[in-house]
Amino acid sequence: MPMTDQDGTAIWRRRTTGQSMLQWFGWLIGAAVFFYCWQQISEATTWFFVFDAPRIAADIWTRATPPKWEYITQLGRPIWDTLNIATLGTLIALCFAVPVAFLAARNTTPSALFVRPIALLIIVATRSINSLIWALLLIAIIGPGVFAGVIAIAIRSIGFCAKLLYEAIEEIDAAQVEAITATGASRWQVMIYGIVPQILPAFAGIAVFRWDINIRESTVLGLVGAGGIGLQLSSSLNVLAWPQVSLILLVILSAVILGEWVSAKVRGAII
Amino acid sequence: MSATELDTILGTRWRRPRLIRHPGLRWFLTVGFVVYLVAAFMTIEVNWARVYEGLDRGAKFVLAFATPDFTSRATDIWEGMIESIIMTVAASVIGISISIPIGLGAARNIAPLPVYLVCRGIVAISRALQEIIVAILLVAIFGFGPLAGFLTLSFATIGFLSKLLAEEIESMDPTPAEAIKASGASWTQWINFGVQPQVIPRLIGLSMYRIDINFRESAILGLVGAGGIGATLNTAFDRYEYDTAAAILIIIIVIVMALEYISGIVRARVQ
């Protein structure tokens with residue numbers, strides 16, 4: 001235990017001198033890195049605009065209120081498209097995520113040496129790249145539209161769902177699997193009666209959770225041209241129609257809250 | 001199971017229990033879902049000729065991953081990457097330090113009701129607004145550049161981290177905190193010695209995860225002019241320079257993998 005001697009009495013300290021020096025040095029480096037970063041940001045900023053920001057914000061606020069309510073008649077189709085992008089994207093992603101998850105889980109993978117790393121690579125690669133970037137890419141490949149949005153959401157969700165699902169598969173109770181195997185069940189029967197019932201609640205939870213996230217993401221996919229309400233947002237922003245922008249933001253907000261409410265209800269019912 | 005139930009079950013064939021027990025609800029959900037799917041597929045317009053034409057461009061992009069071009073746009077990639085990393089670091093530091101007091105305020109068991117309501121309100125607003133939408137508004141207010149991106153990421157970090165921190169504090173063991181309070185500790189001593197030791201491992205884990213998310217998000221903020229690698233990536237896609245785009249995506253994937261690896265080590269050490 002580190003002690004210091006003060007007038008003949010030993011006083012307890014949490015760290016030795018070396019340790020506290022090391023910690024102090026760590027904080028110093030951290031602070032230096034942060035201030036370097038801040039300086040870089042500050043150099044790239046036109047501070048005049050920042051000092052002017054409250055006035056600009058107030059100006060935008062007066063332009064954006066009240067929202068142009070009659071514009072809502074034109075938002076029905078875009079919000080339906082947004083919902084479709086999220087739902088179909090989630091469904092397609094789940095179709096791919098299930099096999100990938102079974103290949104990636106340590107206890108179900110056919111080969112830990114060859115197949116598992118490939119499955120993990122698919123998971124990392126699809127998960128690290130945002131759906132907006134996938135959308136950009138798909139628009140260049142298959143052209144703008146709702147379809148590109150569906151595929152972008154699907155690709156982005158594969159990694160996310162597969163990761164959560166394979167963690168759930170790795171946590172299953174091995175005793176039940178063993179019991180089914182002991183009755184002489186085939187590989188597929190073990191899968192259906194031993195593994196699937198154990199991960200089904202987790203699967204449903206993941207599906208709804210990802211659907212909720214996808215609703216959020218699909219609202220902005222239109223900014224790059226991949227369909228949905230983001231298209232309207234982008235065109236309204238481009239013509240500086242702030243009353244329309246504020247209405248669209250309100251619609252997006254209520255869609256997001258509705259999605260979260262549904263997802264919370266369903267997950268509450270499952271767990 | 002009671003005897004009468006057993007009598008009714010005896011002699012009938014065993015069937016797997018369903019995920020949704022109530023048959024009426026199950027059929028309603030299934031039929032509703034099928035109807036929705038049909039409607040969704042009917043309304044999605046896919047230009048298959050365009051998709052078919054795009055396929056060889058898609059193949060070109062996949063091939064570009066084999067021969068990524070890091071050199072011809074090296075300075076653009078380098079500058080964009082550095083800006084993304086700088087935004088991530090600065091936003092994570094500021095976001096995490098602001099979200100700790102808000103997280104404390106949003107925990108019902110340690111905060112009085114007015115503080116709780118205000119903090120929960122901040123968390124709800126921050127979580128409901130999509131990063132990219134916040135970025136659009138902030139770019140309109142503060143002008144182009146990394147400052148808008150930095151503010152967006154900080155704001156998003158607050159919603160994410162405060163909510164999870166508050167949930168962690170609410171589910172902590174109240175005994176140590178009560179014991180500290182009973183010894184006559186002041187409010188700061190109570191937080192420091194009663195609450196903080198219980199939640200700090202989770203806070204560190206969540207912070208690492210959030211840094212990871214912030215980096216991924218910083219890659220798309222450039223699409224709306226908020227600084228980072230996104231602008232370079234967008235240009236690369238627009239000019240059909242798939243090899244440069246592939247190089248950027250590979251760098252993003254590698255950095256995300258490295259961050260996940262580091263956060264795995266850190267989380268294993270603190271828990």
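Visitor: What is the peptide bond from A:T65 to A:P66 like, cis or trans?
Guide: The bond from A:T65 to A:P66 is cis. Its omega is near -10 degrees.

Visitor: Okay, another loop. Where does A:L240 lie?
Guide: A:L240 is in the loop between α10 (229–238) and α11 (242–270) of chain A.

Visitor: And is phi of A:L240 positive or negative?
Guide: Positive: phi of A:L240 is near 55 degrees, and A:L240 is a residue other than glycine.

Visitor: Staying in chain A, at what angle do α5 and α7 pack?
Guide: Helix α5 (residues 115–128) and helix α7 (residues 146–170) of chain A pack at about 130 degrees, and their axes are 7 Å apart. That angle makes α5(A) oblique to α7(A).

Visitor: Which hand does the crossing of α5(A) and α7(A) have, left or right?
Guide: α5(A) and α7(A) cross in a left-handed way.

Visitor: Let's switch to chain B. How does α4(B) pack with α9(B)?
Guide: The axes of α4(B) and α9(B) are 9 Å apart, at an angle of about 150 degrees. So α4(B) is roughly antiparallel to α9(B), as angles over 145 count that way. The crossing of α4(B) past α9(B) is right-handed.

Visitor: What about α4 and α11 of chain B, at what angle do they cross?
Guide: Helix α4 (residues 74–105) and helix α11 (residues 242–270) of chain B cross at roughly 30 degrees, with axes that come within 12 Å. Therefore α4(B) and α11(B) are roughly parallel to each other. The crossing of α4(B) and α11(B) is right-handed.

Visitor: New topic. How many cavities of 30 Å³ or more does the structure hold?
Guide: The structure holds one. The largest cavity has about 40 Å³ of space.

Visitor: Which residues line the largest cavity?
Guide: From chain A, the lining has A:N130, A:S131, A:L132, A:E217 and A:V220. From chain B come B:Q130, B:I132, B:E217 and B:I220.

Visitor: Which helices each supply at least two residues of that lining?
Guide: In chain A, α6 (131–142) and α9 (187–221) do, and in chain B α9 (187–221) does.

Visitor: How do the lining residues divide into nonpolar, polar and charged?
Guide: The lining of the largest cavity has four nonpolar residues, three polar ones and two charged ones.

Visitor: Last thing, confidence. What pLDDT does chain B average?
Guide: Chain B averages 86, and 98% of the residues score at least 70.

Visitor: Which elements of chain B have the lowest and the highest mean pLDDT?
Guide: Helix α1 (residues 3–9) of chain B has the lowest, 70, and helix α7 (residues 146–170) of chain B has the highest, 92. Where pLDDT is low, the predicted coordinates should not be read in detail.

Visitor: And what ipTM does the predictor give the complex?
Guide: The complex gets an ipTM of 0.80, along with a pTM of 0.83.

Conventions:
Residues numbered from 1 in each chain as written. Chains lettered and ligands numbered in written order. Predicted model: local features only at pLDDT ≥ 70, side-chain atom pairs only at ≥ 80, totals over all residues. Heavy atoms only, no water. 1 Å grid on protein atoms, 1.4 Å probe; cavity = no way out; pocket = protein on both sides within 12 Å on 5 of 7 lines; lining within 4 Å. Points joined across faces, edges and corners; volume = space filled by probe spheres on them. Helix = DSSP H or I, 4+ residues; strand = E, 2+ residues; numbered from the N terminus. Nonpolar A, V, L, I, M, F, W, Y, C, P; charged D, E, K, R; others polar. pLDDT = per-residue confidence, 0-100. Axes fitted to C-alpha atoms, helices over the stretch in contact; angles between N-to-C directions. Parallel < 35°, antiparallel > 145°, perpendicular 65-115°, else oblique. Left-handed = near helix turned anticlockwise from the far one by under 90°.
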